[in-house]
Amino acid sequence: MKEEIEKLCEKARELLHLGDKDGFVYADDLSRLNKEVHDLIHLLWDKKPGSIEEEARLCLAILMGFNGIMYANPEDEKIRRSVTERTRYVLKKLPSSLLKCQLLIYCYGEVENDKLIEEAKEIMKDWERRELSAEELETVETLEIMEV
């Protein structure tokens with residue numbers, strides 16, 4: 001399941017950043033990525049990972065996917081609500097980390113609860129004293145986008 005979660009994260013990230021490099025978005029690329037992300041969400045959403053970290057990665061990947069796909073149906077809304085509830089449970093159990101920060105930000109994108117953003121910013125305060133990794137930089141940028 002780990003490989004499938006990583007694939008969903010990769011495809012969701014690709015969809016979220018489509019057109020960033022050259023400014024062009026091609027309809028066939030958008031359609032293909034939408035379908036791939038949608039299919040992976042439907043494949044994974046009801047799986048039960050073994051650890052809290054893997055559960056957090058799964059929830060994050062699905063929330064990232066929903067943030068990027070362009071269409072939804074009643075089944076998607078059911079999945080979205082279910083994953084949001086799972087995320088709230090996971091957040092209570094997860095220690096302070098980059099993963100938790102990412103999950104807080106994407107959960108905020110679903111429920112717009114300012115407490116989630118405040119907790120993410122608290123985690124980011126620990127990052128101020130050092131050079132950020134690429135993933136941390138992306139997380140900071142995502143927060144800035146979500147706050148607009």
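Student: Where does R86 lie?

Tutor: R86 lies in helix α4, residues 74-93. Helices here are DSSP runs of H or I with at least four residues, numbered from the N terminus. This is a predicted model, in which local features need pLDDT of at least 70, side-chain atom pairs count only at pLDDT 80 or more, and totals for chains, interfaces and linings use all residues. Residues are numbered from 1 along each chain as its sequence is written, and side-chain values use heavy atoms, with hydrogens and water left out.

Student: Why is R86 called buried?

Tutor: Buried means under 20% relative accessible area, exposed over 50%, and partly exposed in between, with a 1.4 Å probe and protein chains only. R86 has 12%, so R86 is buried.

Student: What is R86 in contact with, leaving aside neighbours within four places in sequence?

Tutor: Contact means heavy atoms within 4.5 Å. The partners of R86 include W45, D46, P49 and L58.

Student: What makes K35 and D39 a salt bridge?

Tutor: A salt bridge needs a side-chain nitrogen of Lys or Arg within 4 Å of a carboxyl oxygen of Asp or Glu. For K35 and D39 the N to O distance is 2.7 Å, so the pair qualifies. The two are four residues apart in helix α2 (residues 27-44), and therefore separated by about one helical turn.

Student: Why does R129 count as exposed?

Tutor: R129 has 68% relative accessibility, so R129 counts as exposed. Its salt bridge partner is D126, with the closest N and O atoms 3.8 Å apart. D126, at 47%, counts as partly exposed.
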